[in-house]
Amino acid sequence: MRRTQGYSYQPLPQQAPGPSNASHDALEEENERMAEELKGKIGALKELTIDIGNEVRYQDRLLRGIDEDMDRTGGFMSNTINRVVRLGKGGHRNYMCYMFLFVMAVFFVLYLILKLR
């Protein structure tokens, strides 16, 4: 059926044992050598894959920790902002002015300390 489609398979002629055995043995030795090289490369790839997996798990733990820290910080910041807004909405407008002046004084003192060093 394949011959009708333009495929012409010609089997290799079987040679009698003798001088061709040496070439067969040489090919067999080369195949064995290449198989050993391939085993070494596969082992190296396996070790590399295991190392990559370990690194991914380690970095995943770090990112989860950072995510949890950011969630806690976000909650803390929202509570602080709510307190500031509540303070600002109260009848004590002078408190906001005092807080602003206090923050400015702290920054000015820090500026002086760093400048005089």
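Visitor: Which residue forms a salt bridge with Glu-37, and how far apart are the closest N and O atoms?
Guide: Glu-37 pairs with Arg-33 in a salt bridge, and their closest N and O atoms are 2.7 Å apart. The term salt bridge stands for a side-chain nitrogen of Lys or Arg within 4 Å of a carboxyl oxygen of Asp or Glu. This is a predicted model, in which local features need pLDDT of at least 70 and side-chain atom pairs count only at pLDDT 80 or more, while totals for chains, interfaces and linings use all residues. Residues are numbered from 1 along each chain as its sequence is written, and side-chain values use heavy atoms, with hydrogens and water left out.

Visitor: Where do Glu-37 and Arg-33 sit relative to each other?
Guide: Both belong to helix α1 (residues 20-89), four residues apart, so about one helical turn separates them. Helices (H or I, at least four residues) are DSSP runs, numbered from the N terminus.

Visitor: How many salt bridges does the structure hold?
Guide: There are four. One of them joins Glu-36 to Lys-39, with 3.8 Å between the closest N and O atoms. These two residues are three apart in helix α1, about one turn of the helix. Glu-36 is partly exposed at 47% relative accessibility, whereas Lys-39 is exposed at 56%.

Visitor: What about Arg-72, which partner does its side chain meet?
Guide: The side chain of Arg-72 meets that of Asp-69 in a salt bridge of 3.2 Å, N to O. Both residues lie in helix α1, three residues apart, about one turn of the helix. Arg-72 is exposed, with a relative accessible area of 55%, and Asp-69 is partly exposed, with 37%.

Visitor: Changing topic, which residues form the negative surface patch?
Guide: Asp-25, Glu-28, Glu-29 and Glu-32 form a negative surface patch. A patch of this kind consists of residues with over 30% relative accessible area and no salt bridge, like charges being joined within 9 Å. Asp and Glu count as negative, and the place of a charge is taken as CG of Asp or CD of Glu.

Visitor: Where is Glu-32?
Guide: Glu-32 is in helix α1, and at 45% relative accessibility it counts as partly exposed.

Terms used: Buried < 20%, exposed > 50% of the residue type's maximum accessible area, 1.4 Å probe, protein only. Patch = residues over 30% accessible without salt bridge, like charges linked within 9 Å, V, L, I, M, F, W, Y side chains within 5 Å. Areas by Shrake-Rupley, 256 points an atom, 1.4 Å probe, with all protein chains shown as cover.
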